[in-house]
Amino acid sequence: MEKRLILNSKILKLSRICALFIALWAIPVMAFSQEKAASDGNKPYDPKVAIFEHIGDAHSWHVSLPLVKPFAIPLPVILYTDKGIEIFSSSNLHEDEVYHGKNDYVLVKDKIKIADETGNVDATKKVYDFSITRNVASMWLGMIILFIIFGSVSSSYKKRVGKAPKGLQSFMEPLVVFVRDDVAIPNIGVKHSKYMTLLLTLFFFILINNLLGLIPIFPGGFNLTGNIAVTLSLSFIVLLVINFSGNKYYWKHIFTPEIPLWLYIIMVPVELIGIISKPFALMIRLFANITAGHIIVLSLISLIFIFNSLAVSPASVVFVVFMDTIELLVAFLQAYIFTMLTALFIGMAVQEHHGEQHEI
Amino acid sequence: MELVTPEIGLVFWTTISFLIFLFILGKFAWKPILAAINEREISIENALMKAEAAKEEMARLTSENESLLRDARAERDIILQEARKLKDKIVGDAREAAQEEGAKMIEKARLEINMQKALAIADVKNQVASLSLEIAEKVLRKQFEDASKQDALVTELLKEVKL
């Protein structure tokens, strides 16, 4: 009886956390409106600009908090041009204004371009932008949070050797065990321990960034896991891991499958494409799911500004809450699917013998 | 299109950060956590196995005790039976021996009696014989006290003799 009570209270706590996430979503309506009110009121509201501003990356971190005047946290800009590396603060950059460094730089649609003397974009000169953008900063934030969480969890494992988990440790352990028992072991099998680091890191990295992305106010509200560059990097790492752990059966399956010789013309290219397409699907899936979720939520909020009426807001908020609940599920689901498919592909690459299955 | 064009800066930073993150978490978080979980699972498994083994041992001991008890009981019965048999045998033997002894003694007594009887009879015979001789002597003496009678006998005897 007592145990059930404790369990119920845990569920209550969890539901409170979820409710907090959802409630926080209502705030950007206010923050958003402040931001929009600050910009010129004559132009009709364009939801595309607002949404893509959120979905994309930025050189400075715009902060809109309720009851606080919106401001921007400057972030370092790191550029590599033909004149070498250049570092300066993003507070120097403004739309349609030239910054004079080693080169002259202008900001066009939040992209840094080299300008000529007249202040126009010089398309002939290339600039490689390695800036610490909003997404990079938020990624580091997510990593710091994970460091803190798992640092404390791992130290409590050291302190409580052989004892039952407690507190944060007991919250995280089921997730860790879930990744091990339901993701790694069924897909990879006995060799899973070698890949546990990658799988766990992927899972928690995607999960924390999905969840932080759901928090609408600073320091959340970014779209990291819905950024193609991030998913590209992750799936590229996965691609390397899969192919470097591929054993002779894996490569045999690709280059000399047990099929009639004339089919090789079709099969070998298909298999080679398959090497790329598997991580490519991972990349697109995560990117599309998260971005789509963010776009829907922002579109629903934008309805208020499109109709320019407060009367729309209840309907909008109800739908946003509904979408957020789904997004909360998606946050977990996508982290799970990415990890699960990674484990599956690794499992296919390290499988000891493929059997005669391709004769069917 | 802008949405699906990866920016080199973010790719670079994500890759670098993720690899460092992977390394640090792997070394300082996943390794000790997984090791601790594994260790605990193994210890729980062991504890369960030990409990199971203890249960089996208990069951084995109980059944062993029972079988020991049963064996002891059976042995006791056997011993008792044997003792009874032995007692019967001893008693029977004793009886037999006593009977035999008795019979032997009776036989001996009989022989003794017979011998004594024979001796007595022989004695009686001797005495009767000597008595008869004495009587005959005395009778003869009495008859031949008179000389005429002696002569008559001799004459008679001589008459019989035919020369």
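How many Å apart do the C-alpha centres of domain 1 and domain 2 of chain A lie? I looked this up first. The model is predicted, and in it the two centres lie 35 Å apart. For the bounds I took the domain assignment, which gives 76–129 for domain 1 of chain A and 134–359 for domain 2 of chain A.

**Entry on the sheet**

I turned to a sheet of chain A. It is open and has three strands, in the order β5-β6-β7, with antiparallel pairing. At its edges I found β5 (99–100) and β7 (111–115) of chain A; each has a single partner strand, so one side of each has no neighbour in the sheet. Next I checked the pair formed by β6 (residues 104–108) and β7(A): it is antiparallel and runs over five bridges. As one example I noted A:V108, whose bridge partner in β7(A) is A:K111.

**Entry on two packed helices**

Two packed helices are described by the angle between their axes and the distance between the axes. I looked up both values for α2 (residues 47–55) and α8 of chain A. The angle is about 145°, and the axes are 10 Å apart. I recorded the crossing of α2(A) and α8(A) as right-handed. From α2(A), the residues in the contact are A:P47, A:A50, A:I51, A:H54 and A:I55. From α8(A), I listed A:T291, A:H294, A:I295, A:L298, A:S299, A:S302 and A:I306. Sorted by class, this contact of α2(A) with α8(A) has seven nonpolar and five polar residues, and no charged ones.

**Entry on A:A292**

I then picked one residue of helix α8 (residues 264–307) of chain A, namely A:A292.

**Entry on the two chains**

Last, I looked at where chain A touches chain B. The contact takes 38 residues from chain A and 28 residues from chain B. On the side of chain A, the elements giving two or more residues are β8 (128–129), α3 (134–159), α4 (168–188), α5 (196–214) and α6 (228–245). Which element gives the most to this side of chain A? I found that α3(A) does, with twelve residues. By class, the side of chain A that touches chain B has 24 nonpolar, ten polar and four charged residues.

Definitions and conventions. Residues numbered from 1 in each chain as written. Chains lettered and ligands numbered in written order. Predicted model: local features only at pLDDT ≥ 70, side-chain atom pairs only at ≥ 80, totals over all residues. Helix = DSSP H or I, 4+ residues; strand = E, 2+ residues; numbered from the N terminus. Domains from an automatic or database assignment. Axes fitted to C-alpha atoms, helices over the stretch in contact; angles between N-to-C directions. Left-handed = near helix turned anticlockwise from the far one by under 90°. Contact = placed C-beta atoms within 7 Å. Nonpolar A, V, L, I, M, F, W, Y, C, P; charged D, E, K, R; others polar. Pairing = 2+ DSSP bridges.
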